[in-house]
Amino acid sequence: MFKQLINTDANSATLFALRIVTAITIFPHGAQKLLGWFGGYGYQGTMQYFTQTVQVPYLIGLLVILGESLGMIALFFGFASRFMGASLTIILTGASFLGGHYQRSFFMNWFGNQPGEGFEYFLPLLVCSVILALKGGGKWSIDAWLQKQLS
């Protein structure tokens with residue numbers, strides 16, 4: 001099972017690029033939630049929002065915060081890329097539905113004239129996360145290195 005988890009095309013620069021861009025895009029959102037960086041509410045504020053406003057269980061909130069922060073560090077380095085991709089797929093799908101983004105509009109709220117954000121931000125990241133879940137982290141990943149060591 002571990003071999004399947006780290007399986008990747010160790011020569012794929014495309015998967016490498018996809019992995020890096022996805023991790024760099026999502027990590028700031030995780031840092032907002034975990035550490036309060038970039039204008040975020042930090043762990044306490046985010047957990048309060050998740051458990052009281054969105055009404056998700058504490059464990060789910062914790063997994064989202066860890067997935068978007070520490071998980072994206074792991075993804076950046078290509079460790080357990082398939083697992084991180086699958087986790088991010090679940091997080092993005094949940095955020096799109098629980099956050100109501102799919103109901104509002106397709107477009108992001110660039111000019112503040114909508115009641116909220118649309119789902120255009122989620123769509124490309126969702127595609128990236130699905131590809132990473134299916135194909136792994138590619139070239140220059142810890143997964144590729146481990147795969148080579150175990151073969």
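Which helix supplies the largest share of the lining of the largest pocket? It is helix 6, with 9 residues. Keep in mind that this is a predicted model.

Let's stay with that pocket. Its volume is about 1,100 Å³. The lining counts 38 residues. Closest to the centre are Lys33, Phe50, Val64, Glu68 and Ala95. Helix 6 spans residues 81–98. Helix 2, helix 3 (42–54), helix 4 (58–68) and helix 7 (101–104) each put in at least two lining residues as well. As background, rolling a probe the size of a water molecule over the atoms is what shows where empty space is left.

Next, helix 8. It runs from residue 122 to 135, which makes 14 residues.

Which residues of helix 8 are buried? They are Phe122, Leu125, Cys128, Ser129, Leu132 and Ala133. These six cover an arc of only 135° around the axis, so they sit on the same side of helix 8. The general rule behind such a pattern: an α-helix has 3.6 residues a turn, so residues three or four places apart point the same way.

What follows helix 8? Glycine 136 does, and its phi is positive, near 90°.

Now to the other end of the chain numbering. Helix 1 covers 2–6 and helix 2 covers 13–35. The loop between them holds aspartate 9 and serine 12.

Is serine 12 buried or exposed? Its relative accessibility is 12%, and the cut-off for buried is under 20%, so serine 12 counts as buried. Set aside neighbours within four places in sequence, and serine 12 is in contact with Gly138 and Lys139.

Aspartate 9 is partly exposed, at 42% relative accessible area. With neighbours within four places again left out, aspartate 9 is in contact with Leu15, Lys135, Gly138 and Lys139.

One last distance. Aspartate 9 and glutamate 117 are 108 residues apart in sequence. In space they are 36 Å apart, C-alpha to C-alpha.

That's my tour. Over to you.

Key:
Residues numbered from 1 in each chain as written. Predicted model: local features only at pLDDT ≥ 70, side-chain atom pairs only at ≥ 80, totals over all residues. Heavy atoms only, no water. Helix = DSSP H or I, 4+ residues; strand = E, 2+ residues; numbered from the N terminus. Expected span 1.5 Å × (residues − 1). Buried < 20%, exposed > 50% of the residue type's maximum accessible area, 1.4 Å probe, protein only. Arc of directions from axis to C-beta. Contact = heavy atoms within 4.5 Å. 1 Å grid on protein atoms, 1.4 Å probe; cavity = no way out; pocket = protein on both sides within 12 Å on 5 of 7 lines; lining within 4 Å. Points joined across faces, edges and corners; volume = space filled by probe spheres on them.
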